[in-house]
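Subject: Structure handover

Hello,

Please find the structure below, with its sequence. My notes on what was found in it follow.

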Amino acid sequence: MGDGHQERQQEQHRQTGRVGLATIAREWGRIGCVGFGGPPTHIALLRQLCVERRGWIGAAEFEDAIAVTNLLPGPASTQLAIFTARRLRGPVGALVGGLCFIVPGLVLILVLAALFLAGSPPLWVRGAAAGAGAVVAAVAVRAAVALVPASWQRAGAARAARARWLVYVLGGAAAALAGPWLVLALIAAGCVESVIRTRSAAKPDRARAWPLPLVLATAPAAAGGLLALAWVAFKVGALSYGGGFVIIPLMQADAVHHYHWMTDGQFLNAVALGQITPGPVVQTVAVVGYAAGGIPGGLLAAAVAFAPSFLFVILGGPHFDKIRANDRVQGFFTGAGPAVIGAIAGSAIPLALALQHAWQFAVLGAGTIWLVAARRGVVSTLLVAAALGMVAAAAGWPT
């Protein structure tokens, strides 16, 4: 009966060209509930649904959608979920699909934030938090390493291009230690590479859009409280590129060092929670929001952080083909990409320095070998590290 119902749905879609909103809500919500493992899992589940199982979108078109969403700042897999839902049912479908994809992970991460950031959490919770937080730096290194092959290939075989690639990586790594100035380094790398690759053009593009990111990256919020939280969340959603980890140094600088909403240890817990729950790493901003203003703060931070993704996809959808075909845009991302890799790898340094106990460094070393050398999964690594932390707490070690 299930096969017959599925065939009727596919036939209805072929005849009407539309997929019901209830179907989008159910299927995208299901992916939001089971999408543990980050972007690779999200992309695989969306491909399985839209291309292989339902035949709603062609394989080539789906690959183009991946390429398009990777050009945008923000969580790429979330934007892919919004993009595919928009393809099936327009802007309304994009809103329904995107929300149903985001909400399950958001609810779970807020529940965990309330548990882990409680004033006097149980001993086992403190141990689990200290253990999972210990390997967050290794997760950052793993995320950077995973981006290297595609970025290196995109740079091209020319010796000068590969030398610039290395410079951009090193520049991004250095900028990761500078907090709010990180985004400036990414934009600078992209602009330099874009100019180099298009200098023979008759009228070089002066990139009129860049002043906006420059202002966003450097301008602090005018006040504290929820206004400051909204500003931090907007920067997270509007400026992240190449994966959520690239925005971690900026988020840490604001949440820990500028506004003092969290300690370094609590921020490590927030990043760990963003990894072990379904949904993108950008969900980490909801934990920051919870630390700043409870449940209302967490909901506000998530809403503001994800709003740019919806706007980019819903308003920019008709123009994506032109954007992909623009040589200057391609040059920009060829330069920004390696800077992102360096920034993600560089973020491991302050994350590791935030550790306070010797046993945590031992867990970090083992986690790095497990993740980077053995190439094991992130979620399982975090869970094992949390278990080790509970053992350490039960043994009376400091947490």
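Predicted model: local features only at pLDDT ≥ 70, side-chain atom pairs only at ≥ 80, totals over all residues.

Gly396 is exposed, with a relative accessible area of 60% (exposed means over 50%, buried under 20%, partly exposed in between, with a 1.4 Å probe and protein chains only). Gly396 sits in the segment after helix 18 (378–394); helices are DSSP runs of H or I with at least four residues, numbered from the N terminus.

Residues are numbered from 1 along each chain as its sequence is written, and side-chain values use heavy atoms, with hydrogens and water left out.

Helix geometry

Helix 5 (residues 76–116) has end C-alpha atoms that span only 28 Å, whereas a straight helix of 41 residues would span 60 Å at 1.5 Å a residue. The expected span is taken as 1.5 Å times one less than the number of residues. Helix 5 also bends by about 140° at Arg89, with the proline Pro91 following within four residues. The bend at a residue is the angle between axes fitted to the seven residues ending there and the seven starting there.

Helix 7 (residues 136–155) has 20 residues and should span 28 Å; its end C-alpha atoms are 29 Å apart, which agrees. Helix 7 still has a kink of about 35° at Val148, shortly before the proline Pro149. Its buried residues are Val136, Ala137, Ala138, Val139, Ala140, Ala144, Ser151 and Ala155. Just after helix 7 comes Gly156, with a positive phi of about 100°.

Helix 11, with 15 residues, reaches 21 Å from first C-alpha to last, close to the 21 Å expected. Among its buried residues are Leu229, Val232, Lys235, Val236 and Leu239.

Positive phi outside glycine

His260 has a phi near 60°, a positive value in a residue other than glycine. His260 lies in the loop between helix 12 and helix 13 (264–276) and counts as exposed at 59% relative accessibility. Arg375 likewise has a positive phi near 60° and is not a glycine. Arg375 is placed in the loop between helix 17 (358–373) and helix 18, and at 68% relative accessibility it counts as exposed.

Salt bridges

Side chains of opposite charge can pair when their charged atoms come close. The rule used here asks for a side-chain nitrogen of Lys or Arg within 4 Å of a carboxyl oxygen of Asp or Glu. By that rule the count is nine salt bridges.

Asp254 and Lys235 form one of them, their closest N and O atoms being 3.2 Å apart. Asp254 lies in helix 12 (residues 248–258) and Lys235 in helix 11 (residues 225–239), so this pair ties together parts that are 19 residues apart in sequence. Asp254 is buried at 6% relative accessible area, and Lys235 is buried at 3%.

Arg164 and Glu193 meet in another salt bridge, at 2.8 Å from N to O. The pair links distant parts of the chain, with Arg164 in helix 8 (residues 159–175) and Glu193 in helix 9 (residues 182–198), 29 residues apart. Both Arg164 and Glu193 are buried.

Arg26 and Glu27 also meet in a salt bridge, at 3.8 Å from N to O. Arg26 is partly exposed at 44% relative accessibility, whereas Glu27 is buried at 5%. A network of salt bridges links Arg26, Glu27, Arg30, Arg53 and Arg54.

Cavity

The structure holds one cavity of 30 Å³ or more. A cavity is a set of points, on a 1 Å grid over the protein atoms alone, where a 1.4 Å probe fits but cannot get out; lining residues have an atom within 4 Å of a point. The largest cavity has a volume of about 40 Å³, a volume being the space filled by probe spheres set on the points.

Its lining consists of Ala155, Ala161, Trp165, Tyr168, Glu193, Arg197, Thr334, Gly335 and Pro338. Helix 8, helix 9 and helix 16 (327–353) are the elements that give two or more residues to this lining. The lining residues divide into five nonpolar, two polar and two charged.

Regards

Technical notes:
1 Å grid on protein atoms, 1.4 Å probe; cavity = no way out; pocket = protein on both sides within 12 Å on 5 of 7 lines; lining within 4 Å. Nonpolar A, V, L, I, M, F, W, Y, C, P; charged D, E, K, R; others polar.
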